[in-house]
Amino acid sequence: MTDLLLIALFAFLGAAAAGLLGALALRLSRHRSLVVSLSIVATVAVTAMLAGTLAVAWAMFLSPHDLTVVTTVVAMAAVVSLVTALLLGRWVAARSRELTLAARSFGDGGTFAAPEAPATAELAALTRELAATSAKLDSSRERERALETSRRELVAWISHDLRTPLAGLRAMAEALEDGMAADSPRYLRQIRTEVERMNDMVGDLFELSRIHAGSLALTPTRVSVYDLVGDALAGADPLAREHGVRLVGGRIEEVPVEVDGKEMSRVLGNLLINAIRRTPADGTVAVAAHRARDGVVLSVTDGCGGIPEEDLPRVFDTGWRGSHARTPPAGAGLGLAIVRGIVEAHAGRAEVRNVTGGCCFEVTLPLG
């Protein structure tokens with residue numbers, strides 16, 4: 001029993017010495033190829049066995065013949081192990097190079113195409129992660145292109161909407177200055193109207209910039225949805241009368257919510273103005289509010305005739321106005337973008353869907 005323990009001790013010491021040298025070699029070559037690392041691991045395994053065998057042979061005084069036999073056997077095992085390690089390393093390195101080239105393609109703006117050759121489980125998992133990342137990047141690029149298109153459209157429309165009233169203002173100012181205005185009070189009223197319209201437009205731009213910058217400061221208070229909708233209906237009633245549109249708000253539940261009253265009044269006001277302008281005379285705009293499973297749902301239904309299905313995802317985009325037939329004479333397409341920004345700042349969501357004869361805008365807010 002003592003001899004067996006001594007053999008185990010000497011074998012362990014010899015193998016441990018080889019293992020320490022192998023660990024040092026791996027540390028020094030940690031930035032080298034995977035083939036080198038696998039070769040070092042195979043060499044360490046064989047060297048550890050050889051060192052342990054030689055230590056035992058030296059301690060037990062084996063004959064030179066027996067020592068030669070053992071050394072030859074270990075040497076043959078070393079050759080086979082090294083060749084196997086080199087082949088395995090080259091195979092894994094080739095799969096890694098293919099994965100590197102595929103990753104470089106979508107890093108340069110393309111789409112990641114996973115290599116078809118078989119790979120290890122780790123490389124296969126990395127391939128799946130890269131494919132998922134590529135899909136996310138494609139979606140992000142698509143959103144960025146859509147946003148850039150919206151920005152270009154917004155700049156073009158804002159420029160047009162500002163140029164037209166400014167030209168009118170200049171003409172009216174020159175007429176007043178030259179004494180050519182036959183009805184000066186009417187010119188002054190028109191100038192005031194145009195200035196207020198441009199002021200509203202600039203105010204919308206400022207509000208949208210605060211939303212996009214994340215600097216929209218909210219002051220939530222506990223209010224009733226019934227009061228919010230009632231105030232919004234009262235504010236929109238003059239515009240509805242001017243357009244000959246009926247406002248209906250019969251299904252309003254008295255549900256409490258924690259919102260910024262001023263900002264939510266702006267949300268409802270924008271939705272009502274949008275609905276009134278797009279509803280023909282003698283049409284109806286209906287407002288409803290009810291408690292749902294995930295919060296409070298406010299809805300504004302108009303009689304615009306519906307929105308094309310392909311345009312529904314863009315309704316809340318900055319600067320979107322829809323087709324020319326649905327474009328109002330005033331505004332820059334910022335109202336609905338402001339609605340979504342304010343609602344999302346309240347941890348809610350804004351949606352739109354087509355209904356019979358028109359469309360329904362829904363705002364979902366967390367319960368107070």
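**A tour by selection: salt bridges, then a pocket**

Select Asp237 and Arg241: the two form a salt bridge, with their closest N and O atoms 2.7 Å apart. A salt bridge here is a side-chain nitrogen of Lys or Arg within 4 Å of a carboxyl oxygen of Asp or Glu. This is a predicted model, where local features need pLDDT of at least 70, side-chain atom pairs count only at pLDDT 80 or more, and totals for chains, interfaces and linings use all residues. Residues are numbered from 1 along each chain as its sequence is written, and side-chain values use heavy atoms, with hydrogens and water left out.

Stay on this pair. Both residues sit in helix α6 (residues 225-243), 4 residues apart, about one turn of the helix. Helices (H or I, at least four residues) and strands (E, at least two) are DSSP runs, numbered from the N terminus. Asp237 is partly exposed, at 27% relative accessible area. Arg241 is exposed, at 65%. The cut-offs: buried is under 20% relative accessible area, exposed over 50%, partly exposed in between (1.4 Å probe, protein chains only).

Next, select Arg197 and Glu194. Their salt bridge has its closest N and O atoms 3.3 Å apart. Both lie in helix α5, 3 residues apart, about one turn of the helix. Glu194 is buried, at 13% relative accessible area, while Arg197 is partly exposed, at 25%.

Go on to Arg349 and Glu351. Here the closest N and O atoms of the salt bridge are 3.5 Å apart. Arg349 is partly exposed, at 36%. Glu351 is partly exposed too, at 36% relative accessibility. The count of salt bridges comes to 6.

Now the second largest pocket. Select Leu147, Leu208, His212, Thr318 and Arg340: of its 15 lining residues, these are the closest to its centre. The space in this pocket is about 290 Å³. A pocket is an open set of points on a 1 Å grid over the protein atoms alone, where a 1.4 Å probe fits, with protein on both sides within 12 Å along at least five of seven lines; lining residues have an atom within 4 Å of a point. Grid points are joined across faces, edges and corners, and the volume is the space filled by probe spheres set on them.

Colour α4 (121-178), α5 (184-213) and α8 (335-345): these elements each give two or more residues to the lining. The largest share, 5 residues, comes from α5.

Finally, zoom out. The chain holds 8 helices and 7 strands. Of its 368 residues, 34% are buried.
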